[in-house]
Amino acid sequence: MRLNAWLARAGVASRRGADELIRAGRVTVNGEPGELGTIVGSRDDVRLDGRPLAPQALAYVLLHKPAGVVTTARDPQGRQTVVSLVGHPARVVPVGRLDADTTGALLLTNDGGLAHRLAHPRYRVDKVYVAEVEGRPRPATLEQLAAGLQLDDGPTAPAGVRRLGPSTVELTVHEGRNRQVRRMLDAVGHPVRSLHRSRYGPLTLEGLEPGAWRELEPSEVAALRAATSRRGREPGRAGSAPGRSSSSPAARPAADRRRRPRSAPP
Ligand code: URA
């Protein structure tokens, strides 16, 4: 692992902050000054200002994000962030983002490699959203959403679409574009009234109240790794194909049912 990533995982600083510490000559590896390109293994002796550092264990957290909380580590406007809401001792950061008004499943981790792959559209990790919209979309409109739409930053990939009620639509997308679901529904004339992410890859929110979080089970981490080792799948095929219920027990790993929810600190 590169030295800056190692320092970030050890909870010393962000990767950028770690680069500054390295440039300032404050980091040594086995007694030698660390360099930006230094690769660190599990047996190396890494020190900051002469103090030995221990690598931090990998942490994976599933949060049921409530509305009104921002998906960043720090907010210049002083709003509550998902990182402060969770208050995890490890330096976990959100994977992708949900708008402040969006509720639902949000993964936080300090596993930068997995986070990077999960966020990459190549791996087509499904995200399932339930949108309450204005008006009552017609069947042809749902077909339009499913086929893909032209947005101002390019066409959307085919999506899984199900009607859950007259004004309630479930969308399964694997892209992670900014405000994508809201923009898709705006584009077909049905602005979103409320948006909830009910599933992220293999992870559902079963048993987690809004604001609560839990550590992932090892089997869930393995399922996420497996989801990022497949490429070029048809959209919607990882866990729930378009048109299939995302709450089908068959679509969930057994570990989802062995949860230990934690309430976020006030
Ligand atoms: N798409 C959106 O429009 N908003 C979100 O928060 C997530 C996906």
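This is a predicted model: local features need pLDDT of at least 70, side-chain atom pairs count only at pLDDT 80 or more; totals for chains, interfaces and linings use all residues.
**Reading strands, cores and a ligand shell**

Me: How do strand 1 and strand 2 pair, parallel or antiparallel?

Reply: Strands of a sheet pair through backbone hydrogen bonds, and they can do it either way. Here, strand 1 (residues 27-29) and strand 2 are antiparallel, with two bridges. Strands are DSSP runs of E with at least two residues, helices are runs of H or I with at least four, and both are numbered from the N terminus. Two strands pair if DSSP finds at least two bridges between them.

Me: What is the strand order in that sheet?

Reply: Read across, this open sheet of four strands goes 2-1-3-4, with antiparallel pairing. Strand 2 (32-33) and strand 4 (51-52) are the edge strands; each has a single partner, so one side of each has no neighbour in the sheet.

Me: Where does Asn30 sit, and what is its phi?

Reply: Most residues other than glycine have a negative phi. Asn30 isn't a glycine, yet its phi is positive, about 55°. Look for Asn30 in the loop between strand 1 and strand 2. Asn30 is exposed, with 12 other C-beta atoms within 10 Å. For burial, count other C-beta atoms (placed from the backbone) within 10 Å of the residue's own: 20 or more is buried, 12 or fewer is exposed, and in between is partly exposed.

Me: What about Asp49?

Reply: Asp49 is a non-glycine with a positive phi too, about 50°. The loop between strand 3 (46-48) and strand 4 holds Asp49, and with 9 C-beta neighbours inside 10 Å it counts as exposed.

Me: Now the inside. How many residues of strand 5 are buried?

Reply: In a regular strand, side chains alternate between the two faces of the sheet. For strand 5, both faces are covered: Tyr60, Leu62 and His64 are buried on one side, and Val61, Leu63 and Lys65 on the other. That's six of six residues buried, so strand 5 is largely enclosed by the rest of the structure. Strand 5 runs antiparallel to strand 7, joined by six bridges, and Tyr60 has Thr109 of strand 7 as its bridge partner. Strand 5 also pairs antiparallel with strand 15 (residues 212-215), over three bridges, where Leu63 is opposite Trp213.

Me: What is Leu63 in contact with?

Reply: Contact means C-beta atoms, placed from the backbone, within 7 Å. Skipping neighbours within four places in sequence, Leu63 touches Val82, Val86, Leu106, Leu108 and Trp213.

Me: Which residues touch the most other members of the largest nonpolar core?

Reply: In soluble globular proteins, nonpolar side chains tend to be buried together. A nonpolar core is a set of buried Ala, Val, Leu, Ile, Met, Phe, Trp, Tyr and Cys residues joined through C-beta atoms within 7 Å. The largest has 29 residues, and those touching the most other members are Val61, Leu62, Leu63, Val82, Val86, Leu107 and Leu108. The elements giving it two or more residues are strand 5 (60-65), helix 3 (82-86), strand 7 (103-109), helix 4 (112-119) and helix 7 (218-227). There's also a second, separate core of 16 residues, including Val181, Leu185, Val192 and Leu195.

Me: How many residues of strand 12 are buried?

Reply: Five of the six residues in strand 12 (residues 168-173) are buried. Strand 8 (residues 127-133) runs antiparallel to strand 12 with six bridges, one partnering Lys127 with Val173. Strand 11 (residues 160-165) and strand 12 form a hairpin with two residues between them, and five bridges link this antiparallel pair.

Me: Last one: which residues surround the ligand?

Reply: You'll find Leu98, Asp99, Thr102, Arg179, Gln180, Val181, Arg182 and Leu195 around the ligand. A residue is near a molecule if its C-beta atom, placed from the backbone, lies within 6 Å of it. Helix 6 (residues 180-187) supplies the largest share of the shell, three residues.

How values were computed. Residues are numbered from 1 along each chain as its sequence is written. Two residues are in contact if their C-beta atoms, placed from the backbone, lie within 7 Å.
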